[in-house]
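Thanks for making the time this morning. I would like to walk you through one model, and I will give the cut-offs behind each term as I go.

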Amino acid sequence: MPEAQVIPLRPEDDGIGAPAPVRSWDDHVAGGIEFLRRRLTGDYDTDEFGFDPDLTDHVVMPSLRPLFRSWFRVETVGLQHVPDAGGALVVANHSGTIPVDALMTTVALRDEHPAARRFRLLGADLVFDVPVLGALARKMGATLACNEDAERLLTEGELVGVFPEGFKGVGKPFSERYTLQRFGRGGFVSAALRTGAPIIPCAIVGAEEIYPMIGNAKTLARLLGLPYFPITPTFPLLGPVGAVPLPSKWFIAFGEPIETASYGPGAAEDPMLVFNLTDQVRETIQHSLYELLLQRRSVFS
Amino acid sequence: MPPAVVLVTGVSRWLGGALAGELAADSSIERVIGVDTVPPSPEVLRRLGRTEFVRADIRNPLIGKVITGASVDTVVHMNISATPGGSGGRTSMKELNVIGTMQLLAACQAAPSVRRLVLKSTSAVYGASSRDPAVFTESMQARRVPGGGFAKDSLDIEGYVRSFARRRPDVDVAVLRFTNFIGPRIDSLLTTFFRMPLVPTALGYDARVQLLHEDDALAVLTRATTQDFTGTVNVGGDGTLLLSQAIRRVGRVPVPLPTPAMGSIGRLTRGGSLVDYSPEQMRFLNFGRVVDTTVLREEFGYTPRYTTVAALADFARTVQPVVPPALVDGVAGRALSLLDGLARVSESVAERRRPAPPSIPLRAVRDA
């Protein structure tokens with residue numbers, strides 16, 4: 001018999017594939033039992049800001065991931081500008097009636113950044129006044145937007161996120177989409193200057209269209225003690241169905257870091273420099289928003 | 001220079017008694033005088049050692065005679081009541097706290113022998129609200145000034161102590177702002193709280209809690225009395241826990257209730273001095289409080305031996321858990337082994353149902 005030639009096997013040849021490295025169902029259940037055990041006995045770590053990484057990684061992140069991957073199909077750009085370690089301040093535009101953009105950026109940095117960085121958000125005091133929401137925000141690693149907390153987080157080498165537009169940004173009407181509002185009092189710049197942390201401008205496109213706010217029931221908002229009460233084409237008209245965000249296509253772009261360490265910590269006392277830096281950050285974000293919008297083919301694809 | 005004659009107020013309570021006992025054991029201190037309105041319990045009395053107990057009310061000018069008569073040089077003021085239950089209602093609590101401190105300070109001011117004053121204060125002076133920074137340093141002030149209760153008393157007391165320090169600049173003043181005490185022997189708000197089998201908490205809130213072990217509290221007080229730190233210092237263990245987490249670690253069951261219901265429970269139980277759910281305590285239970293202890297470690301020169309987690313674990317040894325962690329671990333372990341068995345069974349079933357892989361894919365070997 002002549003020599004037989006061996007032809008390399010291809011998996012599709014015989015229908016038996018190599019076992020994919022997916023976690024089997026029993027691993028999932030085992031993880032769940034282990035998680036429940038930790039929760040029941042309090043056997044997990046939390047930090048001084050109330051951050052609960054165990055809950056964030058096992059409950060919050062998994063519930064946000066489908067929204068991130070399938071619903072908004074978020075694409076991240078420029079992750080190389082976010083350092084792998086050490087304190088940095090990510091400054092982003094704020095929009096979308098409900099601050100979903102902050103959550104999506106958190107998922108982006110945790111899942112797509114090579115160092116799987118945790119994003120420590122700075123939130124308005126209203127958030128922490130509200131029961132459930134306030135406690136949950138702290139457990140997700142957020143804290144009050146004040147200089148003391150921002151500086152403490154930055155000194156501890158955390159990646160801090162701030163949305164200087166605040167409620168002016170989230171609660172702006174749909175007609176003003178992608179125009180940046182006033183950037184607060186520039187408190188974030190002085191926090192960065194005092195700690196020497198770089199400022200990373202971040203532009204988020206897509207969040208503006210999730211709940212197009214066409215009206216604001218100001219009287220109702222005042223009654224409920226809210227900064228605004230949104231009226232969208234579907235909310236409150238369709239009730240809870242109106243709370244489903246529109247599946248817009250998202251881009252999150254991180255820009256080149258603006259270095260602050262060379263100014264020295266004393267520079268925070270120089271209002272002119274603080275204003276200039278604030279403006280520079282604002283311009284950078286506005287510019288990259290326009291660029292991303294030009295690249296986007298349509299709102300939903 | 002070590003003190004010669006020390007006066008400790010509030011000596012009938014555990015911490016005061018323990019401090020007096022500790023100082024009495026130090027032979028370099030000539031005399032230790034303990035003052036309280038109630039006589040110490042036999043247990044505390046045993047600890048006191050050579051401490052001379054004077055049953056006196058600091059609201060009474062008699063205290064001045066004690067200070068001048070014994071030419072006291074160091075005064076440790078810890079007769080400050082945190083709960084109205086222990087001192088017969090809020091009115092008398094406030095009277096004891098505020099008027100008592102004023103009298104004591106007046107007596108100290110009149111006594112030229114006094115060179116050092118140590119105040120046992122509390123981190124409650126920072127208040128607790130949603131608008132506060134997460135971590136308080138000594139230089140911060142409450143954004144919302146505490147409206148009443150213990151925190152307000154403590155703020156007032158610190159104010160009086162500051163003005164005393166201005167009037168007697170020759171006296172060194174140390175103000176110790178303690179976080180919540182915990183430990184097997186001490187009685188504090190949180191120990192009563194954690195001893196209840198079901199612990200009512202505010203629905204939708206989870207406070208950050210920083211604890212200080214009783215041994216560390218004692219060590220800090222002793223050090224503050226015998227050494228020469230002046231100024232204000234936060235005293236707390238390293239690290240924090242969430243309230244719900246702490247309750248579970250002690251093996252208790254947290255029962256989240258809507259805030260209005262908490263108020264009525266508070267009114268019901270306050271008379272029985274079970275747990276004080278005053279508005280100010282409620283705010284603490286809602287938001288919690290964490291202090292920065294850099295000054296404690298670097299200037300005061302003391303690092304607590306127990307972290308918050310370790311202090312709570314030491315306390316948890318002394319309470320019978322309602323939900324024993326070992327039980328949860330056991331159940332989880334059994335569930336895991338059951339799951340393992342299930343997985344193995346399903347694996348073998350799947351194995352059997354799967355068509356047998358073709359032995360050697362013959363068609364891969366072809367003749368040349």
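In this predicted model, the C-alpha centres of domain 1 and domain 2 of chain A lie 26 Å apart, and the domain bounds come from an automatic or database domain assignment. Domain 1 of chain A takes in 72–170 + 177–210 + 250–295, while domain 2 of chain A covers 212–244. The contact, meaning heavy atoms within 4.5 Å, takes seven residues from domain 1 of chain A and six residues from domain 2 of chain A. Between them the two domains of chain A bury about 550 Å², of which 64% is on carbon and sulfur atoms; buried area here is the accessible area, with a 1.4 Å probe, that two parts lose on being put together, summed over both. Thr97(A), Leu126(A) and Phe167(A) supply 69% of the area that domain 1 of chain A buries against domain 2 of chain A, more than any other three residues.

Before I go on, a word on conventions: residues are numbered from 1 along each chain as its sequence is written, and chains are lettered from A and ligands numbered from 1 in the order in which they are written. Because this is a predicted model, local features need pLDDT of at least 70 and side-chain atom pairs count only at pLDDT 80 or more, whereas totals for chains, interfaces and linings use all residues, and side-chain values use heavy atoms, with hydrogens and water left out.

How many salt bridges does the rule find across the interface of domain 1 and domain 2 of chain A? It finds zero, where a salt bridge is a side-chain nitrogen of Lys or Arg within 4 Å of a carboxyl oxygen of Asp or Glu. Over all chains, however, the structure holds 35 salt bridges.

Take the side chains of Asp57(A) and Arg110(A), which meet in a salt bridge at 3.3 Å, N to O. Asp57(A) lies in helix H3 (residues 53–71) of chain A and Arg110(A) in helix H4 (residues 100–111) of chain A, so this pair ties together parts that are 53 residues apart in sequence; helices (H or I, at least four residues) and strands (E, at least two) are DSSP runs, numbered from the N terminus.

A second pair is Arg120(A) with Glu158(A), at 3.6 Å, N to O. Arg120(A) sits in strand S4 (residues 119–123) of chain A, and Glu158(A) in the loop between helix H7 (147–155) and S6 of chain A, 38 residues apart. Arg120(A) is buried, with a relative accessible area of 1%, where buried means under 20%, exposed over 50% and partly exposed in between (1.4 Å probe, protein chains only).

Seven strands of chain A form an open sheet with mixed pairing, in the order S2-S10-S7-S3-S6-S4-S5, and two strands pair if DSSP finds at least two bridges between them. Strand S2 (75–77) and strand S5 (143–144) of chain A stand at the edges, each with a single partner strand, so one side of each is left without a neighbour in the sheet. Strand S3 (residues 88–92) and strand S6 (residues 159–162) of chain A run parallel and are joined by four bridges, and Leu89(A) has Val160(A) as its bridge partner in S6(A).
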